[in-house]
Amino acid sequence: MKDLLQPERKPQGGRPPKDHRHMLNAMLWIARTGAPWRDLPEYYGSWSSVYSRFRRWKIFGTKS
């Protein structure tokens, strides 16, 4: 699955992102519960960060 995802770190550096596994678990929680993004439990971090990664993966063409 690692080959299907974008690299975790951007070449220019910046703040270290949450790992793909954590973000994917958050996305699966949304899919499993059918809850709106804003109802994502705090354990997964900011709902907007998870949603942004979801959108990037969708645009990139990642099938997850």
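At what angle do the axes of α1 and α2 cross? In this predicted model, the two axes cross at roughly 95° and come within 10 Å. Axes are lines fitted to C-alpha atoms, for helices over the stretch in contact, with angles running from 0 to 180 degrees between N-to-C directions. α1 and α2 are therefore roughly perpendicular to each other, a class that covers 65 to 115 degrees.

Local features need pLDDT of at least 70 and side-chain atom pairs count only at pLDDT 80 or more, while totals for chains, interfaces and linings use all residues. Residues are numbered from 1 along each chain as its sequence is written, and side-chain values use heavy atoms, without hydrogens and water.

The chain has two helices and zero strands. Both are DSSP runs, numbered from the N terminus (helices: H or I, at least four residues; strands: E, at least two). The 14 residues of α1 should span 20 Å at 1.5 Å a residue, and the end C-alpha atoms of α1 are 20 Å apart, which agrees. The expected span is 1.5 Å times one less than the number of residues. Just after α1, Gly34 takes a positive phi of about 75°.

In the contact between the helices (heavy atoms within 4.5 Å), α1 supplies His20, Met23, Leu24, Ala26 and Met27. Their partners in α2 are Ser49, Val50, Arg53, Phe54 and Trp57. By class, this contact has seven nonpolar, two polar and one charged residues. Ala, Val, Leu, Ile, Met, Phe, Trp, Tyr, Cys and Pro count as nonpolar, Asp, Glu, Lys and Arg as charged, and the others, Gly among them, as polar.

Buried residues make up 27% of the 64 residues in the chain. Buried means under 20% relative accessible area, exposed over 50% and partly exposed in between (1.4 Å probe, protein chains only). In α1, the buried residues are His20, His22, Met23, Leu24, Ala26, Met27, Trp29 and Ile30. Their cover includes α2.

The largest nonpolar core has 12 residues, including Ala35, Trp37, Leu40 and Tyr44. Such a core is a set of buried Ala, Val, Leu, Ile, Met, Phe, Trp, Tyr and Cys residues joined through side-chain atoms within 4.5 Å. α1 (20–33) and α2 (47–60) each supply at least two of its residues. The largest share, six residues, comes from α1. Beyond neighbours within four places in sequence, Val50 contacts Met23, Ala26, Met27, Trp37, Leu40 and Tyr44.

Pro36 lies in the loop between α1 and α2. At 48% relative accessibility, Pro36 counts as partly exposed.

Key: Angles under 35 degrees count as roughly parallel, over 145 as roughly antiparallel, 65 to 115 as roughly perpendicular and the rest as oblique.
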